[in-house]
Amino acid sequence: MPYAILRFQKRKAGGVAACERHNERKKEAYKSNPDIDVGRSKDNYHLVKPPRYTYKKEINRMVAEAGCKVRKDSVMMVETLITASPEFMNQLPPKEQKAYFQTALDFISERVGKKNILSAVVHMDERTPHMHLCFVPLTPDNKLSAKSILGNQKSLSEWQTAYHERMSARWNQLERGQSSMETKRKHIPTWLYKLGGRLDKQYAEIVSALSDINAFNAGKKRDKALELIAAWLPDVEKFSKEIGKQQAYIDSLNERIGQESDYAGRMRDEKYEQELKVQKANQRIFELQKTNEQMGRLLSKIPPEVLEELQKSNRNRAKER
């Protein structure tokens with residue numbers, strides 16, 4: 001099912017120039033985004049032309065004219081990515097694609113003010129047509145406040161609902177994606193990462209103790225192995241159980257990463273914060289899954305009768321407490 005896609009990225013002063021270079025194709029090469037086909041860049045077009053000089057100069061002019069107070073960490077610009085699922089966008093005729101982006105532009109303009117829009121450029125030189133719309137978050141009472149315009153998580157969910165309603169009025173096959181607030185999806189808890197790290201450290205010691213399975217019949221070595229495994233087993237069971245409970249979130253994140261590699265990754269220079277967060281989360285999840293598989297392999301090496309005895313012993317100790 002195709003989705004109507006709307007993404008926001010807040011830009012402080014230091015990120016404005018890099019964003020402009022990408023959006024307005026001011027670079028000679030795009031090593032951070034090999035999907036760009038510069039031979040097709042001539043097909044890109046603007047629905048709102050960029051400022052005469054630079055984004056930054058125009059932002060400074062607008063802020064000065066409004067008489068806003070500005071902090072060093074103020075959000076000076078919001079970059080909006082507008083597109084839809086690749087299979088939907090790529091099958092639309094050119095006129096319908098343009099109508100899609102114009103409808104989205106009208107929707108954003110009504111909410112943030114047309115005069116606050118710096119540029120709205122449609123990129124046709126990548127795999128999926130998409131529009132970068134940048135605006136200065138100036139409120140009607142002349143405050144510079146992205147928070148007032150975009151709001152909190154609940155407000156962003158309402159943005160998505162309203163956007164879907166507008167776009168699906170004409171393209172009724174479009175679905176609205178569910179926000180994390182609606183699905184009650186939880187992030188993987190920090191304690192699980194810490195537990196995974198601890199299990200990794202114990203792994204080598206236990207493997208050494210079990211290097212010869214006959215060690216279970218060899219006096220002190222057998223006792224040492226049993227002691228290590230007895231302490232290790234409850235945490236392994238807890239770890240595996242939690243990984244299972246988190247699987248839906250892991251799958252959804254991996255799916256989102258797969259999608260964003262095609263279109264939402266357009267909002268970048270390679271240093272863009274959200275992309276790095278997703279990459280980092282994906283790497284940490286990979287490490288957790290690897291640890292879980294490793295623990296499973298180790299469990300399979302323990303004789304079933306020994307494992308059963310240890311599990312029964314741990315359950316009895318738990319009841320006594």
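Tutor: Let us begin with a term: contact means heavy atoms within 4.5 Å. Please keep in mind also that this is a predicted model.

Student: Which residues does Trp159 touch, leaving out residues up to four places away in sequence?

Tutor: Once those neighbours are set aside, Trp159 touches Leu6, Phe8, Phe107, Ile108, Arg111, Val112, Ile149 and Leu150.

Student: How is the packing of two helices described?

Tutor: Two packed helices are described by the angle between their axes and by the distance between those axes. Here, helix 4 (residues 94–112) and helix 6 (residues 153–168) pack at an angle of about 140°, and their axes are 10 Å apart. Helix 4 is therefore oblique to helix 6. The crossing of helix 4 past helix 6 is right-handed.

Student: Which residues of helix 4 and helix 6 meet?

Tutor: From helix 4, the residues are Tyr100, Thr103, Ala104, Asp106, Phe107, Ile108, Glu110, Arg111 and Val112; they meet Trp159, Ala162, Tyr163, Arg166 and Met167 in helix 6. The residues of this contact divide into nine nonpolar, one polar and four charged.

Student: Which members of the largest nonpolar core touch the most other members?

Tutor: The largest one has 34 residues, of which Ile82, Tyr100, Met131, Leu133, Phe135, Trp159 and Tyr163 touch the most other members. Among the elements that each supply at least two residues of this core are strand 1 (4–12), strand 3 (75–84), strand 5 (130–135) and helix 6. Helix 4 gives the most to this core, with eight residues. A second, separate core of 17 residues includes Tyr203, Leu233, Val236 and Ile243.

Student: Which residues of helix 1 are buried, and what covers them?

Tutor: In helix 1 (residues 13–23), the buried residues are Val16, Ala18, Cys19, Glu20, His22 and Asn23. Their cover includes strand 1, helix 2 (55–66), strand 3, strand 4 and strand 5. Just after helix 1, Arg25 takes a positive phi of about 50°.

Technical notes. Residues numbered from 1 in each chain as written. Predicted model: local features only at pLDDT ≥ 70, side-chain atom pairs only at ≥ 80, totals over all residues. Heavy atoms only, no water. Axes fitted to C-alpha atoms, helices over the stretch in contact; angles between N-to-C directions. Helix = DSSP H or I, 4+ residues; strand = E, 2+ residues; numbered from the N terminus. Parallel < 35°, antiparallel > 145°, perpendicular 65-115°, else oblique. Left-handed = near helix turned anticlockwise from the far one by under 90°. Nonpolar A, V, L, I, M, F, W, Y, C, P; charged D, E, K, R; others polar. Core = buried A, V, L, I, M, F, W, Y, C linked by side-chain atoms within 4.5 Å. Buried < 20%, exposed > 50% of the residue type's maximum accessible area, 1.4 Å probe, protein only.
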